[in-house]
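Subject: Structure for your review

Hello,

The structure you asked about is below, with the sequence. My notes on what was found in it follow.

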Amino acid sequence: MLGAATVALAAVFALRRLDDFDTWWHLASGRWIYARRAVPGLDTLSFTVGDHEWLNLQWLYDLFLYLVHLTGGADLLVLVSAACFTLATALLAANIRLALGPVAAALATLWALVVAQERFLIRPEMFSFIFIEALLWLLLTARRSEGRRLWLMVPLMALWVNCHSLFSVGLFCIGAYTAAVVVVSLLSPGGDGGFRRRLLWSAAAAAVATAANPYGIGAWALPVELMTRIDGSSQVFQAIGEFRPPYSSYFTTFSITAYQFFLPASAAVMAVAAGAWLFRRGPCGGDDRGLEAASLLLFAGLAWLSLLARRNTGIFAYAAMPLVALALARLRSGGRTSPGAGADVKEPGASSALAAWTITALVACLALSVVSNAWFRAEGSTHEFGLGVVEENFPIGASRFSRAASLPGPLYNDMTSGGYLAWDPPVDGGVFIDGRLEVYDAEFFSAYRSALSFPAAWKEQADAYGVNTVVLFHRWGNRQALIRWLSESSAWLLVYHDEVAAVFVRRKGHEGVILRARRMFPPLYRSRRNELLSPGPRWPYQVGRVAGLMAYGTFLFNVGERD
């Protein structure tokens, strides 16, 4: 029951209304693939970089996501996402139970869950969390089947490479495990030659299987390219919150705090385990010692990856915790514990029962805080428990109004709103930018960032692209200077605004469009204002509504409508 309660908490955390900006461009990509029965090689969603190569490795995920949305809309998307993260957590708990007893395993699972829940988003990661746990199970239990199950790595990697660029983490895990096991077993007595051969053949076949994608071996270059977004070599990308190091002071959530404690604690355990491994004497087979060496190597590589960017902390927690559990079990048993022995670990009856009830009570309290949205309110994030969409995160009204008023293109939009606008275009021709940073190179993104912060540079950029309509997500502070400049400019007119976005139109040559928009907007504004200012439900806490109201107040103040 304790294990089930911990996994159920993962389901509660993952049952989260659609709130991620990038989900929409994945849907737009899936729609394009479904309609044309092809995978794009060049950008298809924006008008600014249509000549840029787009290695859309998550094409299968995008297609799957679109078909789910086509079947059941946003509600079904949320349910499928919750099912994926719940399954990943169940696999995590099973991997930890290979080494630890039920109470210790529940604590370890809970800690990893708190670290990772920040990344419970409707993105390709929801598959990668499952794949990494399945791969770890195959590697950690390889000796139990004498390597005969290792061939399952081949279809797993073939599927992973077509769903997410994090397949590279899987390749690293396979390579590190294979190298450590083979080298150590060759140097130690008691190695199993048949096991080594099966491991080598399976590892080689799994690596070759990753070439089974629309881009062939070219797909191997994409993870290397994406590393330049997070390793600090291109400073401009450090402006993106999820690319910042997890020990920076940027938006420290409960997840990041849990990670900041987990990394040094787990590193200390692995360091002690490394010392014990180096100086151990006694009848330990070469393949067993190889597993210990592989665990140390895997942990070090995954820890380094997590230190680069906060977006990697969740996958690190889920991948590293089984390795830490194995190290703890081996230290406690003096090196005699093998994966699979956790189920036989005997824990003291009275203290174990007390710990189990305490953990269960903690899980219940955490679940209640999530269901009531108190968890998200406390950390200041715009997530909400439940089905549907957090509409205050997306320019839904702005896009609908722009189409109804037949506003002219080309469009300028910020990156935050670009994902949704790629899915629900306000004008014809595509977006200016969205969240696909494998498409927008450092030069383009640098120019975008500079223009967004400096109105004079923005005017030059907008004129160069012939921009006639502007849609800006106004919650973030770095948009306010441009919003004030546009609202005061004689060349632009504010024709629509709500709690999410503002829409401006170039005056010159669009007098008829502006007249139509000015007739349409006042009744919409009065209706929306009255709706926003009416008393809302007291429970659960309306995270999106409050964030929208605060953002709208700031926007109206900045454009001179202080009353």
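Glu-146 has a relative accessibility of 36%, so it counts as partly exposed; buried here means under 20% relative accessible area, exposed means over 50%, and partly exposed lies in between (1.4 Å probe, protein chains only). This is a predicted model, in which local features need pLDDT of at least 70 and side-chain atom pairs count only at pLDDT 80 or more, while totals for chains, interfaces and linings use all residues. Residues are numbered from 1 along each chain as its sequence is written, and side-chain values use heavy atoms, with hydrogens and water left out.

Glu-146 sits in the loop between H5 and helix H6 (153-160). Helices (H or I, at least four residues) and strands (E, at least two) are DSSP runs, numbered from the N terminus. The phi of Glu-146 is near 55°, a positive value in a residue other than glycine. Asn-373 also has a positive phi, about 70°, and is not a glycine either. Asn-373 lies in the loop between helix H13 (349-371) and helix H14 (374-379) and, at 2% relative accessibility, counts as buried.

One joins Gly-409 and Pro-410, with omega about -5°; Pro-410 is in the loop between helix H15 (396-404) and strand E1 (411-413). Another joins Trp-539 and Pro-540, with omega about -5°; Pro-540 is in the loop between helix H20 (511-533) and helix H21 (543-558). Most residues other than glycine have a negative phi, and most peptide bonds are trans.

**Salt bridges**

The count comes to 18 salt bridges, each being a side-chain nitrogen of Lys or Arg within 4 Å of a carboxyl oxygen of Asp or Glu. Arg-310 pairs with Glu-118 at 3.1 Å, N to O. This pair links distant parts of the chain, 192 residues apart: Arg-310 is in the loop between helix H11 (286-308) and helix H12 (313-332), and Glu-118 is in the loop between helix H4 (102-116) and H5. Both Arg-310 and Glu-118 are buried.

Arg-330 and Glu-292 form another salt bridge, at 3.7 Å, N to O. Arg-330 lies in helix H12 and Glu-292 in helix H11, so the pair ties together parts that are 38 residues apart in sequence. Arg-330 counts as buried at 4% relative accessibility, as does Glu-292 at 7%.

Lys-459 and Asp-463 form a salt bridge in which the closest N and O atoms are 3.1 Å apart. Both residues lie in helix H18 (residues 455-465), four residues apart, about one turn of the helix. Lys-459 is partly exposed, with a relative accessible area of 43%, and Asp-463 is partly exposed at 38%. Elsewhere, salt bridges that share partners join Asp-20, Asp-22, Arg-119, Arg-123, Glu-125, Glu-242 and Arg-311 into one network.

**Cysteines**

How many disulfides are there? The count is zero, taking a disulfide as a pair of cysteine sulfur atoms within 2.5 Å. For Cys-173, the closest cysteine sulfur is in Cys-163, 17 Å away, which is too far for a bond. Cys-173 is buried, with a relative accessible area of 0%, whereas Cys-365 counts as exposed at 53% relative accessibility.

**Buried contacts**

Val-505 lies in strand E4 (residues 501-506) and is buried at 0% relative accessibility. Val-505 and Thr-469 are 36 residues apart in sequence, with their C-alpha atoms 4.7 Å apart. Leaving aside neighbours within four places in sequence, the contacts of Val-505 (heavy atoms within 4.5 Å) include Leu-407, Trp-492 and Ile-514.

Ile-122 is in the loop between H4 and H5 and is buried, with a relative accessible area of 5%. The C-alpha atoms of Ile-122 and Leu-18 are separated by 7.1 Å, although the two residues are 104 apart along the chain. With neighbours within four places left aside, residues in contact with Ile-122 include Leu-18, Tyr-61 and Val-78.

Helix H5 itself is mostly covered, with 14 of its 16 residues buried.

Regards
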